[in-house]
Amino acid sequence: MAMKATIKNLNNETVGEIELSDDVFGLPSRTDLLARMVNWQLAKRRAGTHKTKTISEISGTGKKPYRQKGTGRARQGSMRSAQFRGGATIFGPVVRSHEHDLTKKVRKLALKTALSTKAAEGKLLVLDAASAESHKTKDLAARLATMGLSSALIIDGANLNENFARASRNIPLIDVLPEQGANVYDILRRDTLVLTRNAVEQLEARLK
């Protein structure tokens, strides 16, 4: 089974039709799955370099402040304890990785679900080719405005057209990725998903 999509060029002209596989573009929407995938992606890229000092790392004396008994005060063993000014932080953050596991099957299904969600919402556009004669941002921005694209992720085949990539780099809310870089977070954070004919073929071959 396959659904049909119109192919357009950068002048917003219809230049043909393409069949989209239901195995990749016709899955039911699963917000739980997409949420899991986005959380996994964002956790994976966290630096995890936040750190507070423990009692063993704080600069200061190791001497007992005063004797154990007979002063009438609470017993103390160190001036570097948490209850004193400049003392340790108890259970503070430590340097660590925030990454957690998510199986390949779930990740693959989440990507197909994200593609299917855009298709179901009518926010999937198939482009004949993502190429530009000039590397000038102004020229490409005008063409994208003609197509009504103000917030879009454009996914091309394995090799990006250099002029197109350079021209799009400075346009707000427009991202360009090669097919192998397609990911759930970037697909969902932009309003429209634009796939080139090459990208459709390569995604279908990889995800079926």
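Helices and strands here are DSSP runs, with helices being H or I of at least four residues and strands being E of at least two, numbered from the N terminus. Asn12 is not a glycine, yet its phi is positive, about 65 degrees. Its relative accessibility is 30%, so Asn12 counts as partly exposed. On that scale, buried means under 20% relative accessible area, exposed means over 50%, and partly exposed is in between, using a 1.4 Å probe and protein chains only.

A word on what we are looking at. This is a predicted model, in which local features need pLDDT of at least 70 and side-chain atom pairs count only at pLDDT 80 or more, while totals for chains, interfaces and linings use all residues. Residues are numbered from 1 along each chain as its sequence is written, and side-chain values use heavy atoms, with hydrogens and water left out.

Leu173 is a second residue other than glycine with a positive phi, near 65 degrees. Leu173 belongs to the loop between α5 (162-168) and β5 (174-178). With 46% relative accessibility, Leu173 is partly exposed.

Now the whole chain. The protein has 7 helices and 6 strands. Read from the N terminus, the order is β-β-α-α-α-β-α-β-α-β-α-β-α. How spread out is the protein? Its radius of gyration is 27 Å, well over the 17 Å that the globule rule gives for 208 residues, so the protein is more spread out than a compact globule. That radius is taken over C-alpha atoms, and the rule is 2.2 Å times the number of residues to the power 0.38. Along the principal axes, the C-alpha atoms fill a box of roughly 95 × 40 × 25 Å. Of the 208 residues, 39% count as buried.

Contact means heavy atoms within 4.5 Å. Among contacts between residues at least 6 apart in sequence, 69% join residues at least 24 apart.

Next, the interior. In soluble globular proteins, nonpolar side chains tend to be buried together. A nonpolar core is a set of buried Ala, Val, Leu, Ile, Met, Phe, Trp, Tyr and Cys residues joined through side-chain atoms within 4.5 Å. The largest one here has 31 residues, and Phe25, Leu115, Val184, Leu193 and Leu195 have the most contacts inside it. Apart from that core lies another, of 17 residues, including Leu149, Ile154, Phe164 and Ile171.

Take Leu195 from the largest core. Leu195 is in strand β6 (residues 192-196) and is buried, with a relative accessible area of 0%. Beyond four places in sequence, Leu195 touches Phe25, Leu124, Leu125, Val126, Leu127, Ile155, Val200 and Leu203.

Ile7, in strand β1 (residues 2-8), is also buried, at a relative accessible area of 0%. Its contacts beyond four places in sequence include Val15, Ile18, Val126, Leu127 and Arg197. Ile7 and Arg75 are 68 residues apart in sequence and 78 Å apart in space, C-alpha to C-alpha.

Thr137 is in helix α4 (residues 137-146) and is partly exposed, with a relative accessible area of 27%. From Thr137 to Phe164 is 27 residues in sequence and 8.8 Å in space, C-alpha to C-alpha.

Last, the helix pairs. Two packed helices are described by the angle between their axes and the distance between the axes. Axes are lines fitted to C-alpha atoms, for helices over the stretch in contact, and angles run from 0 to 180 degrees between N-to-C directions. Helix α2 (residues 31-44) and helix α3 (residues 104-120) pack at about 115 degrees, with axes 9 Å apart. Residues in this contact include Leu33, Met37 and Trp40 from α2, and Leu109, Ala110 and Thr113 from α3. The contact residues divide into 8 nonpolar, 2 polar and 2 charged. In this count Ala, Val, Leu, Ile, Met, Phe, Trp, Tyr, Cys and Pro are nonpolar, Asp, Glu, Lys and Arg are charged, and the others, Gly among them, are polar.

The axes of α3 and helix α7 (residues 197-207) come within 11 Å and cross at roughly 145 degrees. Lys108, Leu111, Lys112 and Leu115 of α3 meet Leu203, Arg206 and Leu207 of α7. That contact has 4 nonpolar, no polar and 3 charged residues.
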